[in-house]
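Please look over the sequence and the structure before reading on.

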Amino acid sequence: MNKLYIGNLNENVTAEDLVKTFEDNKIPYSGQFLMKTGYAFVDCPDDQWAMKAIETFSGKVELHGKRIEVEHSVPKKQRTRKLQIRNIPPHLQWEVSLGVSIAIQKLNGYQFENNALRVSYIPDENSDADSQRGPDNGRRPGYGPRGNSRQMSPGSGIPAKHQHADIPLRLLVPTQYVGAIIGKEGATIRNITKQTQSKIDVHRKENAGAAEKPISIHSTPEGCSAACRMILEIMNQEAKDTKTADEVPLKVLAHNNFVGRLIGKEGRNLKKVEQDTDTKITISPLQDLTLYNPERTITVKGSIEACCLAEQEIMKKVREAYDNDIAAMNQQTHLIPGLNLGAIGLFPPSSAMPPPALGNSMPGPPYGPIGASEQETVHVYIPAQAVGALIGKKGQHIKQLSRFAGASIKIAPAEAPDSKMRMVIITGPPEAQFKAQGRIYGKLKEENFFGPKEEVKLETHIKVAAAAAGRVIGKGGKTVNELQNLTAAEVVVPREQTPDEHDQVIVKIIGHFYASQLAQRKIRDILTQVKQQQKGGTGGPQGPHPQGMSELDSPQGLAEEPRRK
């Protein structure tokens, strides 16, 4: 018999108090409570009773001034060192799952106290039973176990590409049809999950009072499409029976990061889907997005058959975009130790960021010896046409970005009326620079200022003391060439510069986001060494060197501009 764990109890709570609390909440129990100091155990009469108790009590009911927690108790013999992530907000599910995938890749083989860690997904032993579950049914909205859809690529911590395991199909359905989708005692939705081999979460409690509710479908692409068809048929039949609407459009929720690639340059991709499926497709405006809601609503109008074909084409584009982002992450994350997945420019920011993934190739803190509170100023050059998109309506986007990153972000006036590039001035500590610059790169990609297969490469300027510029270049350009080889960015110290009023000169960095970030950090490491030497500390030519760099030569003054790659 399964047990429930009842925690966060006041030490004065008695078994009689628990019996009364259960009765008051219409969950009668005739058995005995095993009382401990601060917690208790109770035998469950059946699974339905246990689920109802968890849903009713956990974090919602107070007893002697404390909100009690109720969950399944795991016997000692079955306890493992497994980590479970629950209660993930639906709009952040793919970001968290991406973080888990990258974390697995980074942790697998990581040397910890002379032992290599082994990390993998845990198979879901109850996948058959779980797939029968109806809406929520004791599970919080989010990514639960998904059985066979969690297969892995051999030798990798990333799900096999063809499985698309980490992208659920998210639908938005009118609240008035939710009851018909679930059916009496959950019979209808159980039938859908059984026939389509999928897991379906109906987020009934999300956005209380809202006219529409989200539904998450976890399965293979074919399973998701089959479940979508059945749900669409149910809604249209219900609309016909109740005479509430002539037809019910299909509404698909998609992360904003993928929508630009779905639309395509000048809307070509979306127009092709419309033409091929004989549907009319509209997408909710960017203004509806917030830091906490990065999903856009894709509304498809047409016959049921046409809408189902459109769903397949839409999700095919979304999954391709996701796979491309995973591939880009895998190629580049090893370059930057301590990479914060929630801050990278590929993805819209969120308030719930995954922890940084651990790397084993470049030990040490993410940003070298620079203090976290040290302010840096970086100039990023963006296409002049992109200024409006970065600022947003009434300055809303740039204000949100500034708050999210914790940085000052200003757009400098155009140098000339016909200037093709504009300078963005970012001031803040290293972490803020990483977040702000990453989102700028991401914004330019989202708004299609670069082609779907074109990499976003921007020019970034940082200022260094004129006396330290020679250290950045190195003897005969050795150091700057090492920087370019290590980071894949183009690093240039222009010749014949006149130092400004602060006796500083410009270092130009040109490259994609990860390359630019790593180059900036390495240059900051060099500058830190110079400061330490000037203060009489360690770190001279025989002292420590920036991570990943060989010994640095240190001629004084400016050397020649290195050969461009």
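In this predicted model, helix 15 and helix 16 cross in a right-handed sense. Their axes come within 9 Å and cross at roughly 145°, with helix 15 covering residues 478-487 and helix 16 covering residues 513-534.

**The contact between the two helices**

- Helix 15 contributes T479, L483, L486 and T487 to the contact, while helix 16 contributes A515, L518, A519, K522, I523 and I526.
- Sorted by class, the residues in this contact are seven nonpolar, two polar and one charged.

**L518, a residue of helix 16**

- L518 lies in helix 16, and L518 counts as buried because its relative accessibility is 3%, where the cut-off for buried is under 20%.
- Although L518 and L486 are 32 residues apart along the chain, their C-alpha atoms are separated by 8.6 Å.

**The nonpolar cores**

- In soluble globular proteins, nonpolar side chains tend to be buried together.
- The largest nonpolar core here has 46 residues, and the members that touch the most others are I382, I440, L458 and I523.
- Helix 16 supplies the largest share of this core, namely eight residues.
- When neighbours within four places in sequence are left aside, I523 is in contact with I462, V464, V472, L483, V491, V507 and I509.

How values were computed. Residues are numbered from 1 along each chain as its sequence is written. This is a predicted model: local features need pLDDT of at least 70, side-chain atom pairs count only at pLDDT 80 or more; totals for chains, interfaces and linings use all residues. Side-chain values use heavy atoms; hydrogens and water are left out. Axes are lines fitted to C-alpha atoms, for helices over the stretch in contact, and angles run from 0 to 180 degrees between N-to-C directions. Helices (H or I, at least four residues) and strands (E, at least two) are DSSP runs, numbered from the N terminus. A crossing is left-handed if the near helix is turned anticlockwise from the far one by less than a right angle, and right-handed if clockwise. Contact means heavy atoms within 4.5 Å. Ala, Val, Leu, Ile, Met, Phe, Trp, Tyr, Cys and Pro count as nonpolar, Asp, Glu, Lys and Arg as charged, and the others, Gly among them, as polar. A nonpolar core is a set of buried Ala, Val, Leu, Ile, Met, Phe, Trp, Tyr and Cys residues joined through side-chain atoms within 4.5 Å. Buried means under 20% relative accessible area, exposed over 50%, partly exposed in between (1.4 Å probe, protein chains only).
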